Amino acid sequence: MGVGLMLTSNLALTLAFLAPSVRSGPTERVAITGEVDLLSAGELERWLRRVIAESRCRTIVLDLGGLEFLAARGVSVLLAAKRAAEESGRDLQVTNARGLPAKVLRLLGFESWCQRAEAGGDGR
């Protein structure tokens with residue numbers, strides 16, 4: 001499993017795992033970087049389903065700090081992943097959105113997804 005998912009609109013280079021997941025006790029941290037647009041949202045959705053299914057951690061934190069673009073379809077994917085994690089008894093937290101993705105999330109009422117994850121913070 002990768003700590004990062006690099007998404008681009010180039011279909012030949014949609015998915016790139018960057019490093020092993022970072023696990024700390026019951027938490028697994030995953031960084032998503034690049035762009036989530038209409039072409040890459042499906043790949044992100046499949047990848048998040050895999051992370052949720054295979055993770056043994058109670059909490060999965062998605063760090064959006066390296067995300068440069070987030071289309072509405074990407075927000076939908078993140079919400080679906082959050083629901084899927086809850087249905088499997090896990091907590092999926094989204095944190096650290098910046099720039100344009102943060103603006104999109106704030107407009108939709110997800111201000112907490114733009115906050116930096118702190119030790120013990122919920123990041124939801």
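The following dialogue explains how to read several features of this predicted model.

Me: Which residues of the largest nonpolar core touch the most other members?
Reply: In soluble globular proteins, nonpolar side chains tend to be buried together. A nonpolar core is a set of buried Ala, Val, Leu, Ile, Met, Phe, Trp, Tyr and Cys residues joined through side-chain atoms within 4.5 Å. Buried means under 20% relative accessible area, exposed means over 50%, and partly exposed lies in between (1.4 Å probe, protein chains only). Here the largest core has 26 residues, of which Ile32, Leu48, Leu62, Leu64, Leu92 and Leu105 touch the most other members. Two or more residues each come from strand 3 (27–36), helix 1 (41–54), strand 4 (59–70), helix 2 (72–87), strand 5 (91–95) and helix 3 (99–107). Helix 1 gives the most, with six residues. These elements are DSSP runs numbered from the N terminus: helices are H or I with at least four residues, and strands are E with at least two.

Me: What does Leu105 touch, leaving aside residues up to four places away in sequence?
Reply: Contact means heavy atoms within 4.5 Å. By that rule Leu105 touches Leu64, Leu70, Val75, Ala97, Phe110, Glu111, Trp113 and Cys114.

Me: How do strand 3 and strand 4 pair?
Reply: Two strands pair if DSSP finds at least two bridges between them. Strand 3 and strand 4 are paired in the parallel sense, over nine bridges. As one case, Ala31 has Asp63 in strand 4 as its bridge partner. Strand 3 is mostly covered, with seven of its ten residues buried.

Me: How is an aromatic pair read, and how many does the structure hold?
Reply: A pair of aromatic rings is described by the distance of the centres and the angle of the planes. Rings of Phe, Tyr and Trp (its six-membered ring) pair if their centres lie within 6.5 Å; planes under 30 degrees apart count as stacked, over 60 as edge-to-face and the rest as tilted. The structure holds one such pair. Phe110 and Trp113 have ring centres 4.6 Å apart and planes at 25 degrees, so the pair is stacked. Phe110 is partly exposed at 21% relative accessible area, whereas Trp113 is buried at 3%.

Me: How many salt bridges are there, and which residues are linked in a network?
Reply: Side chains of opposite charge can pair when their charged atoms come close. A salt bridge is a side-chain nitrogen of Lys or Arg within 4 Å of a carboxyl oxygen of Asp or Glu. The count comes to five, and Glu45, Arg49 and Arg73 are linked in a network. The closest N and O atoms of Glu45 and Arg49 are 3.6 Å apart; these residues are four apart in helix 1, about one helical turn. For Glu45 and Arg73 the corresponding distance is 3.0 Å. Glu45 lies in helix 1 and Arg73 in helix 2, so this pair ties together parts that are 28 residues apart in sequence.

Me: Are the partners Asp91 and Lys82 buried or exposed?
Reply: Asp91 forms a salt bridge with Lys82, with the closest N and O atoms 4.0 Å apart. Asp91 is buried, at 12% relative accessible area, and Lys82 is buried at 12%.

Definitions and conventions
Residues numbered from 1 in each chain as written. Predicted model: local features only at pLDDT ≥ 70, side-chain atom pairs only at ≥ 80, totals over all residues. Heavy atoms only, no water.
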